[in-house]
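Come along and check each entry against the view.

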Amino acid sequence: MGCVHGKCCSRYPPSSNGDSRDYRERGRYGGRHIISDRLLECVAVPSHNFNLEYSVLSQRGYYPDSPDKENQDSYIIKTQIQGNPNVHFFGVFDGHGQFGAQCSNFVKDRLVEVLSNDPTLLDDPVKVYNSAFLVTNSELHNSEIDDSMSGTTAITVLLIGNTLFVANVGDSRAVIAVKEGNRIIAEDLSYDQTPFRKDEYDRVKLCGARVLSVDQVEGLKDPDIQTWGDEETEGSDPPRLWVQNGMYPGTAFTRSVGDGTAEKIGVIAVPEVSMMELASNHLFFVVASDGVFEFLSSQTVVEMVARYPDPRDACAAIAGESYKLWLEHENRTDDITIIIVHIRDLSDSGANTTAILRTGRGGTPDVSITTGSEVFHSTVSELSDMQLC
């Protein structure tokens, strides 16, 4: 959802919309796709004897009032982190504000560099992940980019062996497809960080934010009514964050990298990190900006991907459907970026156990261990560098 002006606050400088060097310099797997003009790529995970087959598509939005506005989404796919053939990274970054394109490109490059340069990455991936986001946020503040009213969300997946570590800041999303009998079920790997969530609403209120929709700010609705529906029913006028005595920044998310002004009222760069051990019934995962999920549910996206053996076809179909739905509901479209990663030839070794670890939710990390139908919860020590305001 982005800023109050729909991610088109004013004039935008030019930028690239992806990490084309990393993506194109790797070995080719198959030919170019006719529709998306993207390569189908494949990388092995030798430690667990399976392969990842993936593709990506990033499409500039349609902005009739800003015809020269560049795509502010960026992405990065980096295989063999630290030269390790079992460590791979996928990330989508959705910039917003006047300098959102520079912010998203800075963050997607620097975040991977920080992760890659940390010698303790494999020893404690969750701690390193959290630290990398905070370091990158600090470096963006200190860079030549004016991020006072600009920034980027980030949805990233780090695969180490057969384990996914998913770090989310903002309202983009990662989802995995799980085969259950004859059905394919979407399981969210991240949770959108917006004022629709009570824990995030409570946190930013404690940090001094006013939480109001645009209609409330403009006096069309009662500002004292501090309850909203869900994102599906109220997505056209969502609750937003404002300073106490001003009409800014108007962000519809509660976490972001950058956004120095919004940081003063609780918009933080602390990621929520989840961990999932892959099993043979995990078919593929999707990493995408909210340009995809604004009008498509996680389940719908997973069902669409499942219709296409080739992830390039699925990328093109989902981008096209997202674009169409945007124009049916609004007079513009958001930038749309999607990475689809198929998990090929993975077999279970031992029990089918899925571990889901989440940190950053209300400041108290927790672990959910799922074995069959039983779920166990335990507390993980709170990260010392975690900040809630």
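**Entry 1: Thr 153.** I began with Thr 153, which I found in strand E6 (strands, E, are DSSP runs of at least two residues, helices, H or I, of at least four, and both are numbered from the N terminus). Leaving aside neighbours within four places in sequence, I listed its contacts as Val 92, Phe 93, Asp 94, His 96, Val 169, Gly 170, Asp 171, Ser 172, Phe 253, Arg 255 and Ser 256; contact means heavy atoms within 4.5 Å. Is Thr 153 buried or exposed? Thr 153 is buried, at a relative accessible area of 1% (buried is under 20%, exposed over 50%, partly exposed in between, with a 1.4 Å probe and protein chains only).

A note on my source: this is a predicted model, where local features need pLDDT of at least 70 and side-chain atom pairs count only at pLDDT 80 or more, while totals for chains, interfaces and linings use all residues. Residues are numbered from 1 along each chain as its sequence is written, and side-chain values use heavy atoms, with hydrogens and water left out.

**Entry 2: the whole protein.** I noted 10 helices and 19 strands. Of the 389 residues, 57% are buried. I also looked at contacts between residues at least 6 apart in sequence: 68% of them join residues at least 24 apart.

**Entry 3: the cores.** A nonpolar core is a set of buried Ala, Val, Leu, Ile, Met, Phe, Trp, Tyr and Cys residues joined through side-chain atoms within 4.5 Å. Which residues have the most contacts inside the largest one? I wrote down Phe 89, Leu 115, Tyr 129, Phe 133, Leu 158 and Val 257, in a core of 28 residues. Strands E5 (87-96), E6 (151-160) and E7 (163-169) and helices H2 and H3 each give two or more residues to this core. A second, separate core has 27 residues, including Val 45, Phe 90, Val 166 and Ile 339.

**Entry 4: H2 and H3.** I then turned to helix H2 (residues 100-117) and helix H3 (residues 125-141), which pack at about 135° with axes 9 Å apart. Axes are lines fitted to C-alpha atoms, for helices over the stretch in contact, and angles run from 0 to 180 degrees between N-to-C directions. The two helices are therefore oblique to each other (under 35 degrees is roughly parallel, over 145 roughly antiparallel, 65 to 115 roughly perpendicular, and the rest oblique). Among the residues that meet are Phe 106 and Leu 111 in H2, and Tyr 129 and Phe 133 in H3. By class, I noted 12 nonpolar, one polar and two charged residues in this contact (Ala, Val, Leu, Ile, Met, Phe, Trp, Tyr, Cys and Pro count as nonpolar, Asp, Glu, Lys and Arg as charged, and the others, Gly among them, as polar).

**Entry 5: H9 and H10.** Helix H9 (residues 298-306) packs on helix H10 (residues 311-329) at about 140°, with axes 9 Å apart. Val 301, Met 304 and Val 305 of H9 make the contact with Ala 314, Ala 317, Ile 318 and Glu 321 of H10.

**Entry 6: the backbone.** Where is the cis peptide bond that I looked up? It runs from Tyr 248 to Pro 249, with omega near -5°. Asn 49 has phi near 55°, a positive value in a residue other than glycine. Asn 49 lies in the loop between strands E2 (39-45) and E3 (50-59), and counts as exposed at 64% relative accessibility.
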